[in-house]
Amino acid sequence: MAKGRFAQRGSIVKDLMTVSLRVNGILHEVAIRPWRTLLEVLRETLALTGTKRSCGEGQCGACTVLIDGRAVNSCLYLAAEAQGKDIVTIEGPVGGDPALEQIQRSFATKGAVQCGFCTPGMVMITKSLLAENPRPSEDEIRAALVGHLCRCTGYVQIVEAIQDAARELAPKGSY
Amino acid sequence: MAEDPRDKFHVLGRPTPKKDALLKASGRAEYADDIAMPGMLHGKLLRSPHPHARIVRIDSSRAAALPGVRAIVTGSDFPNIRYGNLPQTRDYLPLAIDTVRYIGDEVAAVAAIDEDTAEEALDLIQVEYEPLPAVFDPEAAMQPGAPQVHPLAPGNVSASSIFHFGDVETAFAKSDYVREDAFETQAVKQGMLEPHACIGMWDNIGKVTLWASKMSPYVVWRQLAMGLGIQPGSVRVVQTFVGGGFSGGKQEAMPMDFCAVLLSKKTGRPVKFVHGMDEVLTIGHMRHPMKIWLRTGTSADGRLLAQHCKLIANGGAYSSIGGFSMYLAGAMLNLPYRVPNIKFDAFRVYTNNGFCGALRGHTIPQLCFARDTQLELIAAELGLDPLEIRHRNAIQPGDVTANGFRIGTFAFDECIERVAETSGWREKRGKLPKYRGIGFGCGSHLSGARLMGHSASAAEIRVQEDGTVQLTTGSTDVGQGADTVLSMIAAEVLGVEAEDVRFTRVDTDSTPVDPGTFGSRVTFFTGNAVKRAAEEARRQLAEIAAQRMEANAEDLVFRGREIFNPRDERQRISLKDAVRWGAFRLGRIVSGRGVYAAGDENVDFRTGYGNLSPAYNPSACAVEVEVDPQTGQVAVVGFWGADDSGTPLNPLGVKGQVLGATVMSIGHALYENLIRVDGQVMNPSFRDYKMPLATDLPKLENFQHASVITWEPEGPFGAKESGQGAGTGVLAALANAIYDATGVRLTRLPMTPENILSGLKRVRETDRQRTP
């Protein structure tokens, strides 16, 4: 069960390190303990709570964010490692991102969202998938979702939403 | 052809995106763990490492001295009042006082400045235990001399349900064919992605507030007051967004809830608890593992004459709603097949394991697995087609079952035929290549239950001067779409759009008291209450508009955000202008209330007789599988389901419900199994507790579900439930498909590759003996 993972006796400011994190286009300078995960820093230090904390061990994908365009489980990624990299979360870059917003709309209109706890991670993996492969096949979509759990939908409407987003994002007449 | 009442729908019947979907998809929905309050502390629970032990002494002085720790509570800080659902099953304590009963039982709680400090403090709490003999197997626990899990439960029986309708012995004697089979099912977890989470606040005027991820906040509200020994009026439960529930701990007050508010009382700060997934997968509330013995007698032409079911469930350390869990399995022996004589003996047994409770389908899927597996064996023995034996025994509308269920709409024959068509059953059965097979399974569910305690629902509707509608109920949206379907019902009645309706989350200080979200009751019970509340608001608005326009209120129609007389074009006013005129000139507030109590029928839970639900729905499905003979792996290559959900009010939502229930059942059938060894959960992580992935499903074109449309007169706008019934037949369908593919008959869940491989070995040996 729960174990004290890290001893941190004494002052609560001991062990702090300064890290610069570029999140959604904004540079943040944060003082954190070196063992804090990116997920913890995003949620607790930067109050970006759209990224969800679920299994904490990289199995469910709910905490997925993009680092330099690549989808990663932020629960397995130390915040310190993300220094100098470009982090995008479900809240999206300042100034907006039409592709991200289209994916979010497709998820909403196709019934891909029930409880919504897996959804931010699903949206981020979709963003990364469609950036690499704008016209994924059904099998490619499923393969992309293999690191993500959804207990509500049975995945069907998620796959349909991703297909819809791919269609909507394709240049007119090209799909 | 009869007129289709759906033709009159303006809002209902259209696939409608969930109201909060975009909010959630953009990360803006605030779940309990997303809430931070000024000065908030973080709590963690210390759990028992023993399956059964006496607590001799707890010394928390070293933990209290750790910098950053603000308070510690143990069982003796609470008033030692057992809480629970039913008077006879109140066996929970907020924290254990003298005895722990399973590995994971809560013993103490810490509030600290952050989670790391709280976790470290747990290691510094010294608990001296005196281990007691433990018992893990329910049949062993029933033996004389077995360790006693609770003092007042002879034979460790936590609940039983025993009933007999007709005369099974006489019917067995008259049967042409009798067989008995035994089945075994496993422990399955809810598997929601959001861990349990709450924030407790005990303020300086004595008001206790809990913000929490709860499906049934009023159950929590009552239990919290009960266990704290205070008046419910002093307690306020505020529901946050719920990241999946599927029943379980989100239905009840949990130790974290009690500890959050008591630690807040001690510290004067809000205290947040969030379980780790290892805790979620270890602690109570899981599907009851069962042993089921089913004896069935039929006539030579396959008519069911009698069924006797004996069932022993491994209940674990506490009761939850165990009595109802047992009753429900037996009650569903009466559906969806006609069985005139039924005997049922069910025992839920205390053991030193994590405890069991409700989980999507509750105890119905296990029973359906046994029955529809056995039905297939009977059909084979009697030389009957699997569909024919189901048609021959199908419940029909208007039937009264042996236990007193009064059947209204029930399109079971149509469901079977629809699945036969969509799956290509008749072309495939017996004609598929080796190691490929197709199986059939059926089940049934109810649209909310008439319980002994609180059954009725209420709704309030206010129409505002901007033409929007404030809808307030005590029901929760937990992702299933209650926010949307209830708003659509209100919009339909008031002639506005679903987007004009605001749906609130539960706050026990202001929303109407409600039983909660379980048993597929919300669309039916709360939906009826919403419809009536909207009709009352519409009546008030019609009076105001009639007065304004010098019209007859009875002539007025509500549509397109307007109120008008279709026979007189001069009589037309926008809804919001009517509201404003009523408020400004008449001082009238448009406010409707509605209730639904499902009539005055009741179930006598001592005899098992009575009409449990206002409506019942059947479902059928066919599954096609391919089995790898080298590895025993099962690939589900096709699924075709049909169910009679009455009239689907939001087809997009119904689709999500039935497919979600189906995939959850595929996991139950093939992979999921919470493995316990001497009470220790061996796989408390999503790495080792295997739930279905997107790659485990058939291709979209081979994964279909059809709604067989009926108009249930008792339901709101003809609707029935859709979230649970569709999954009930899937377990047996998979077992039957695996048999069709391999000749291996599995009666134990999950149907793992190991079991399939050893079955294949047996089949090959039998074949060799037959062919010299």
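How far apart do the C-alpha centres of domain 1 of chain A and domain 2 of chain A lie?

**Entry 1: the ground rules**

I noted that this is a predicted model, where local features need pLDDT of at least 70, side-chain atom pairs count only at pLDDT 80 or more, and totals for chains, interfaces and linings use all residues. Residues are numbered from 1 along each chain as its sequence is written, while chains are lettered from A and ligands numbered from 1 in the order in which they are written.

**Entry 2: the two domains of chain A**

I began with my opening question: the two C-alpha centres lie 21 Å apart. Domain 1 of chain A covers 17-88 and domain 2 covers 98-169; such bounds come from an automatic or database domain assignment. I then looked up the contacts (C-beta atoms, placed from the backbone, within 7 Å). On this test, 14 residues of domain 1 of chain A are in contact with twelve residues of domain 2 of chain A. On the domain 1 side, β3 (64-67) and β4 (70-73) of chain A are the elements that give two or more residues, and β3(A) gives the most, with three. Helices here are DSSP runs of H or I with at least four residues, strands are runs of E with at least two, and both are numbered from the N terminus. I also sorted that side by class: six nonpolar, six polar and two charged residues. Nonpolar means Ala, Val, Leu, Ile, Met, Phe, Trp, Tyr, Cys and Pro, charged means Asp, Glu, Lys and Arg, and the others, Gly among them, are polar.

**Entry 3: a covered helix in chain A**

Next I checked helix α1 (residues 38-45) of chain A, where six of the eight residues are buried. Buried means that 20 or more other C-beta atoms lie within 10 Å of the residue's own, exposed means 12 or fewer, and partly exposed is in between, with C-beta atoms placed from the backbone. The buried ones are L38(A), L39(A), E40(A), V41(A), L42(A) and R43(A). I found β1 (17-23), β2 (26-32) and β3 of chain A among what covers them. After α1(A) comes A47(A), with a positive phi near 55°.

**Entry 4: where chain B meets chain A**

Which element gives the largest share of the side of chain B that touches chain A? I first wrote down the totals: 59 residues of chain B are in contact with 53 residues of chain A. The largest share, eight residues, comes from α17(B). By class, this side of chain B has 26 nonpolar, 16 polar and 17 charged residues.

**Entry 5: domains of chain B**

Chain B has three domains: domain 1 (5-27 + 456-596), domain 2 (35-132 + 195-242 + 248-282) and domain 3 (290-450 + 605-768). I looked up domains 1 and 3 of chain B, whose C-alpha centres are separated by 37 Å. Their contact takes 25 residues from domain 1 and 25 residues from domain 3. On the domain 1 side, α14 (482-494) and α15 of chain B each supply at least two residues, and α15(B) gives the most, with six.

**Entry 6: the core and I738(B)**

Of its 305 residues, C259(B), A490(B), V623(B), L734(B) and I738(B) touch the most other members. Helix α15 (residues 522-549) of chain B gives the largest share, 14 residues.

Is I738(B) buried or exposed? I738(B) counts as buried because it has 27 C-beta neighbours inside 10 Å. I738(B) lies in helix α18 (residues 730-742) of chain B. Leaving aside neighbours within four places in sequence, its contacts include G437(B), V625(B) and M751(B). On the same terms, L734(B) is in contact with residues including G439(B), V623(B) and M751(B).

**Entry 7: strands in chain B**

β26 (residues 616-627) and β27 (residues 634-643) of chain B pair in the antiparallel sense over nine bridges, and E626(B) stands opposite A635(B).

How values were computed: Contact = placed C-beta atoms within 7 Å. Pairing = 2+ DSSP bridges. Core = buried A, V, L, I, M, F, W, Y, C linked by C-beta atoms within 7 Å.
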